[in-house]
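I opened this entry to keep track of what I looked up. The notes follow the order in which I checked things.

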Amino acid sequence: MAETYDFPSDLLAGQEELHQVRAELSALLKRLPWSVAPLDGFSDDHGWRKVERPASPGWTPDEQAEVEKLRQREHELAVFVTTHRFWTEVAAPERVDARSRLKHADRETG
């Protein structure tokens, strides 16, 4: 039978917020133009596949600030989760399994 882990509530909350921040950042990046700076569109069919991009108006300062804010928060949460004191209580051979279970803990608990 697989090991079960009693994850601390702050670690669970940090992992859940990390999932949320990553989802929000991904959705934002999909909505934004492909280039941060204004650039002309292009078409290139000389490579192994054709690449086309429309002209990009670039990102507004507010959009750039929002992306930076989310990336910074993602970094803070990733550091918090990966360096949490809980991991010192888990035997080294079990840490990969425990980390995987933490990533999916929200799905297992409801």
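**Entry 1: a residue in helix H2**

I began with Val-81, which is found in helix H2. Helices here are DSSP runs of H or I with at least four residues, strands are runs of E with at least two, and both are numbered from the N terminus. The model is predicted, so local features need pLDDT of at least 70 and side-chain atom pairs count only at pLDDT 80 or more, while totals for chains, interfaces and linings use all residues. Residues are numbered from 1 along each chain as its sequence is written, and side-chain values use heavy atoms, with hydrogens and water left out.

Is Val-81 buried or exposed? I found Val-81 buried, because its relative accessibility is 0%. Buried means under 20% relative accessible area, exposed means over 50%, and partly exposed is in between (1.4 Å probe, protein chains only).

I then listed what Val-81 touches, leaving out residues up to four places away in sequence: Leu-11, Gly-14, Gln-15, Trp-87, Arg-99 and Leu-102. Contact means heavy atoms within 4.5 Å. I also looked up Glu-16, which is 65 residues from Val-81 in sequence and 10 Å from Val-81 in space, C-alpha to C-alpha.

**Entry 2: H1 against H3**

I looked next at helix H1 (residues 9-31) and helix H3 (residues 95-103), which pack at an angle of about 65° with their axes 9 Å apart. The axes are lines fitted to C-alpha atoms, for helices over the stretch in contact, and angles run from 0 to 180 degrees between N-to-C directions.

Which residues meet? From H1 I noted Leu-11, Leu-12, Gln-15 and His-19, and from H3 I noted Arg-99, Leu-102 and Lys-103. By class, this contact of H1 with H3 has three nonpolar, two polar and two charged residues. In this scheme Ala, Val, Leu, Ile, Met, Phe, Trp, Tyr, Cys and Pro are nonpolar, Asp, Glu, Lys and Arg are charged, and the others, Gly among them, are polar.

**Entry 3: salt bridges**

Side chains of opposite charge can pair when their charged atoms come close. A salt bridge is a side-chain nitrogen of Lys or Arg within 4 Å of a carboxyl oxygen of Asp or Glu. How many salt bridges does a search of the whole structure find? The search finds seven, and I wrote up some of them.

I checked Asp-10 and Arg-85, whose closest N and O atoms are 3.8 Å apart in a salt bridge. This pair links distant parts of the chain, with Asp-10 in helix H1 and Arg-85 in the loop between H2 and H3, 75 residues apart. Asp-10 counts as partly exposed at 28% relative accessibility, whereas Arg-85 counts as exposed at 54%.

I then checked Glu-17 and Arg-73, whose side chains meet in a salt bridge at 2.9 Å, N to O. Here too distant parts of the chain are linked: Glu-17 is in helix H1 and Arg-73 in helix H2, 56 residues apart. Glu-17 is partly exposed at 29%, and Arg-73 is partly exposed at 31%. I also noted that Glu-17, Arg-73 and Glu-76 are linked in a network of salt bridges.

The last pair I checked was Arg-101 with Asp-97, with closest N and O atoms 3.0 Å apart. The two are separated by about one helical turn because they are four residues apart in helix H3. Arg-101 is partly exposed at 23%, and Asp-97 is partly exposed at 31%.

**Entry 4: the loop between S2 and H2**

I looked up two residues in this loop. Trp-59 is placed between S2 and H2 and counts as buried because its relative accessibility is 14%. Leaving out residues up to four places away in sequence, Trp-59 touches Leu-29, Leu-32, Pro-33, Ser-35, Val-36, Gln-64 and Val-67. I noted Pro-33 again: 26 residues from Trp-59 in sequence, with 6.8 Å between their C-alpha atoms.

Pro-54 is also in the loop between strand S2 (51-53) and helix H2 (61-82). Pro-54 counts as exposed because its relative accessibility is 57%. Apart from neighbours within four places in sequence, Pro-54 is in contact with Trp-34 and Gly-41.
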